[in-house]
Amino acid sequence: MSEADLVKSAVEARHRAYAPYSKFPVGAALLAKDGRVFTGCNVENASYGLTVCAERVALLKAVSEGASQFAALAVACGIGFCAPCGACRQVLAEFAPDLKVIMADGEGRVWRETTLAALLPESFGPKDLCP
Ligand code: THU
């Protein structure tokens, strides 16, 4: 799948966000190395703290479907871009320390491209527990 198509999937997923409290819908699309794409949107909760970000929804869907190696993640926010939060960086790093991260706005315009390693340097991960 092309980068443009991955961003398009994230934009589409954003439309399915459940964000009545923040009114900040986010979409994500995660490209597995086997070619499959898993999308996610933020799912908020009246208790607030149980909200799950779009990126983690995509990752958990992917892992639960048997994917465990990932090449790229596209994230789509509203105006401008947003980077994955710290919790999502940590959860993504468990499976994909070398992940490419593409940040786009709600129209699919790409603002920034980076890597998870750049976003979460010197991360704690499986290598620390199973050297
Ligand atoms: N959110 C995401 O889904 N991903 C991000 O990268 C940043 C924040 C969500 C969580 C919450 O539903 C809303 O955006 C506002 O923080």
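The following legends describe close-up views of a predicted model.

**View A. The disulfide between Cys77 and Cys82.** Cys77 and Cys82 are joined through their sulfur atoms, which lie 1.9 Å apart. A disulfide is a covalent bond between the sulfur atoms of two cysteines. The count for the model comes to 1 disulfide. Cys77 has a relative accessibility of 1% and therefore counts as buried. Cys82 counts as buried too, at 17% relative accessibility, because the cut-off for this class is under 20%.

**View B. The surroundings of the Cys53 sulfur.** The closest cysteine sulfur to that of Cys53 belongs to Cys88, at 3.8 Å. This separation is too far for a bond, because a disulfide requires sulfur atoms within 2.5 Å. Cys53 counts as partly exposed, with a relative accessibility of 23%.

**View C. Cys85, a cysteine in no disulfide.** For Cys85, the nearest cysteine sulfur is that of Cys88, 3.8 Å away. The relative accessible area of Cys85 is 30%, so this residue is partly exposed.

View D. With a relative accessibility of 12%, Thr114 counts as buried.

Note on methods: Residues numbered from 1 in each chain as written. Predicted model: local features only at pLDDT ≥ 70, side-chain atom pairs only at ≥ 80, totals over all residues. Heavy atoms only, no water. Buried < 20%, exposed > 50% of the residue type's maximum accessible area, 1.4 Å probe, protein only.
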